[in-house]
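Have the sequence and the model in view.

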Amino acid sequence: MKTGNLVTLAASVAALAAVWAAPAAADDNKLQQLKDQGFARIAIANEPPFTAVGADGKVSGAAPDVAREIFKRLGIEDVAASISEYGAMIPGLQAGRHDAITAGLFMKPERCAAVSYSEPILCDAEAFALKKGNPLGLTSFKDIADNADARIGAPGGGTEEKLALEAGVPRDRVIVVPDGQSGIKMLQDGRIDVYSLPVLSINDLLAKAEDPNLEVVAPVIGAPVYCDGAAFKKGDESLRDAFDVELAKMKESGDFAKIIEPYGFSAAAAMSTSRDKLCAPQ
């Protein structure tokens with residue numbers, strides 16, 4: 001009887017050990033899977049200078065360039081990008097359609113609970129694009145909420161949409177915009193009164209638009225400064241940790257600054273904070 005109980009207990013312990021070990025084994029295999037595959041599938045937003053897709057289909061931008069270099073150092077030769085709305089990126093990652101998100105997806109506690117972020121890569125503040133002279137006097141999201149005539153355009157599921165809604169802008173005055181070019185066109189046509197994106201993205205769009213009737217307000221009063229990181233699926237922490245090791249080496253050597261600073265980002269800003277600080281509840 002005692003022997004039987006011991007055998008049963010041993011079998012139970014062995015079964016539990018196998019269950020506990022399974023996620024780790026799957027996690028450890030992810031890097032090798034990507035090496036064998038020869039590329040990593042990344043989600044981007046086509047929002048320069050964070051991410052960009054050229055007319056020839058070539059993927060660039062600060063976030064994909066950093067990811068491409070790190071994956072290469074990990075033995076993964078290339079990246080294959082797919083454009084996604086911000087609100088669809090994390091569900092796509094969780095569903096296995098992407099191996100990572102490298103798109104200026106800023107770290108927030110709720111996102112940190114859903115994905116496994118790398119250490120910080122790109123940091124930026126918020127900006128408004130408006131008609132010349134800022135006729136409605138909009139310098140904050142609260143200003144938009146307080147003006148019943150003000151309509152704001154923002155990426156669907158992005159930081160700016162959330163900031164507007166949290167400031168009290170009614171849903172019907174927060175217009176979801178599919179991409180930067182559309183946002184500027186809607187502003188020019190008077191369909192929205194302000195278009196909000198990070199400072200670097202707004203500056204890039206207005207430089208390309210060459211429209212003297214538009215101007216920038218930056219930084220937006222009361223809006224926080226955010227940093228992104230590469231986002232990985234929960235359970236892929238070994239891949240994330242390997243990514244972080246190479247990222248730390250690049251920050252130390254100066255290779256990181258050489259990639260992101262030509263796009264206008266600050267390496268010092270990314271190195272001044274950490275994932276733990278950015279993911280901490282506010």
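## Cysteine 123 and cysteine 227

Cysteine 227 has 5% relative accessibility, so it counts as buried (under 20% relative accessible area, 1.4 Å probe, protein chains only). Cysteine 123, at 11%, counts as buried. The two form a disulfide with sulfur atoms 2.0 Å apart (a disulfide is a pair of cysteine sulfur atoms within 2.5 Å). Cysteine 123 sits in strand β7 (residues 123-124) and cysteine 227 in strand β13 (residues 226-227), so the pair ties together parts 104 residues apart in sequence. Strands are DSSP runs (E, at least two residues) and helices are runs of H or I, at least four, numbered from the N terminus. The torsion about the S-S bond is 100 degrees, and the link is right-handed.

The model is predicted: local features need pLDDT of at least 70, side-chain atom pairs pLDDT 80 or more, while totals for chains, interfaces and linings use all residues. Residues are numbered from 1 along each chain as its sequence is written, and side-chain values use heavy atoms, without hydrogens and water.

## Cysteine 112 and cysteine 279

The whole structure holds two disulfides. Cysteine 112 is joined to cysteine 279, S to S 1.9 Å. Their S-S torsion is about -70 degrees, so this disulfide is left-handed. Cysteine 112 lies in helix α4 (residues 109-114) and cysteine 279 in helix α12 (residues 275-279), 167 residues apart. Both cysteine 112 and cysteine 279 are buried. With bonded cysteines counted along the chain, the pattern is 1-4, 2-3.

## Helices α7 and α8

Gly180, Gln181, Ile184 and Gln188 of α7 meet Leu205, Leu206 and Ala209 of α8 (contact: heavy atoms within 4.5 Å).

Methods
Buried < 20%, exposed > 50% of the residue type's maximum accessible area, 1.4 Å probe, protein only.
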